[in-house]
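Subject: Structure for your review

Dear colleague,

Please find below the structure that I am handing over to you. My findings follow directly after it.

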Amino acid sequence: TPSYINIPLLVGMRYTMPMKYSMDFFAEGGIGMNLRIVTPIKFTERMNYLYGGYYQEITIDERFKFAMKGTLAFRLGLGVKFAEKLSLGAYYYYMGTGDVFVTITAKDPNNSSIQPSEQSAQYGTVNPMMAVVKLSYYL
């Protein structure tokens, strides 16, 4: 499985509504760009097939590559601030959609005179989202 690194660069606003007993309710939102870095994946399979009355071996390499680019991202959050020093909030992050490409190479390891065949195509998309509960202490 690949490793994902998402770096959201967001700007936003917070609305605070004072309540009783030194508590404040807040809602916030932000919009910006997410930089996504994904490690590539490679699979190698060996298959036998019957050709001309003999079993032949073929090697298939599959390489999945992820397009690294900035995508639109946003954050929404709600929470409560207690006694001017502590807050508890719930946040939702949407980090944009990224394309996944696959390159499949088939070659015969026993016969170097046969050229490997290669095909590339879009395999799908990744759509990272995240829910976060955060407890904060203010200095």
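At 38% relative accessibility, Arg-14 counts as partly exposed; here buried means under 20% relative accessible area, exposed means over 50%, and partly exposed lies in between, with a 1.4 Å probe and protein chains only. Please note that this is a predicted model, in which local features need pLDDT of at least 70 and side-chain atom pairs count only at pLDDT 80 or more, while totals for chains, interfaces and linings use all residues. Residues are numbered from 1 along each chain as its sequence is written, and side-chain values use heavy atoms, with hydrogens and water left out.

**Salt bridges**

Arg-14 takes part in a salt bridge with Glu-28, whose closest N and O atoms are 2.8 Å apart. The term salt bridge stands for a side-chain nitrogen of Lys or Arg within 4 Å of a carboxyl oxygen of Asp or Glu. Because Glu-28 lies in strand 2 and Arg-14 in strand 1, the pair ties together parts that are 14 residues apart in sequence. Strands (E, at least two residues) and helices (H or I, at least four residues) are DSSP runs, numbered from the N terminus.

Glu-28 is buried, with a relative accessible area of 12%. Glu-28 also forms a salt bridge with Arg-75, and here the closest N and O atoms are 3.4 Å apart. This pair links distant parts of the chain, since Arg-75 is in strand 5 and Glu-28 in strand 2, 47 residues apart. Arg-75 is buried as well, at a relative accessible area of 16%. Through shared partners, the salt bridges join Arg-14, Glu-28 and Arg-75 into one network. A search of the whole structure finds two salt bridges.

**Overall architecture**

The protein chain has nine strands and zero helices. Of its 139 residues, 27% are buried. Among the contacts (heavy atoms within 4.5 Å) with a separation of 6 or more, 65% are between residues 24 or more positions apart. The chain exposes about 9800 Å², of which carbon and sulfur atoms supply 61%; accessible areas come from the Shrake-Rupley method with a 1.4 Å probe, and for residues only the protein chains shown count as cover.

Five strands form an open sheet in the order 1-2-5-6-9, with antiparallel pairing. Two strands are taken to pair if DSSP finds at least two bridges between them. Strand 1 (4-18) and strand 9 are the edge strands, each pairing on one side only. From one strand to the next, the twist averages 20°; the axes are lines fitted to C-alpha atoms, for helices over the stretch in contact, and angles run from 0 to 180 degrees between N-to-C directions.

Strand 1 pairs with strand 2 (residues 23-38) in the antiparallel sense over 15 bridges. Within this pairing, Met-13 stands opposite Gly-29 in strand 2, and Tyr-4 stands opposite Val-38 in strand 2. Strand 2 in turn pairs with strand 5 (residues 70-82), again in the antiparallel sense, over 13 bridges. Met-23 stands opposite Phe-82 in strand 5.

**Turns with positive phi**

Strand 1 and strand 2 form a hairpin with four residues between them. Tyr-21, in the loop between these strands, has a positive phi of about 60° although it is not a glycine. Tyr-21 is exposed, with a relative accessible area of 74%. Ala-83 is likewise not a glycine and has a positive phi of about 45°; Ala-83 is found in the loop between strand 5 and strand 6. For context, most residues other than glycine have a negative phi.

**A nonpolar surface patch**

Phe-82, Leu-86, Leu-88, Val-133, Leu-135, Tyr-137 and Leu-139 form a nonpolar patch on the surface, with about 790 Å² of accessible area together. Patches are made of residues with over 30% relative accessible area and no salt bridge; like charges are joined within 9 Å, and nonpolar side chains (Val, Leu, Ile, Met, Phe, Trp, Tyr) within 5 Å. Strand 6 (86-94) and strand 9 (129-137) each supply at least two residues of the patch, and strand 9 gives the most, with three residues. Leu-135 is found in strand 9 and is exposed, with a relative accessible area of 60%.

Yours sincerely
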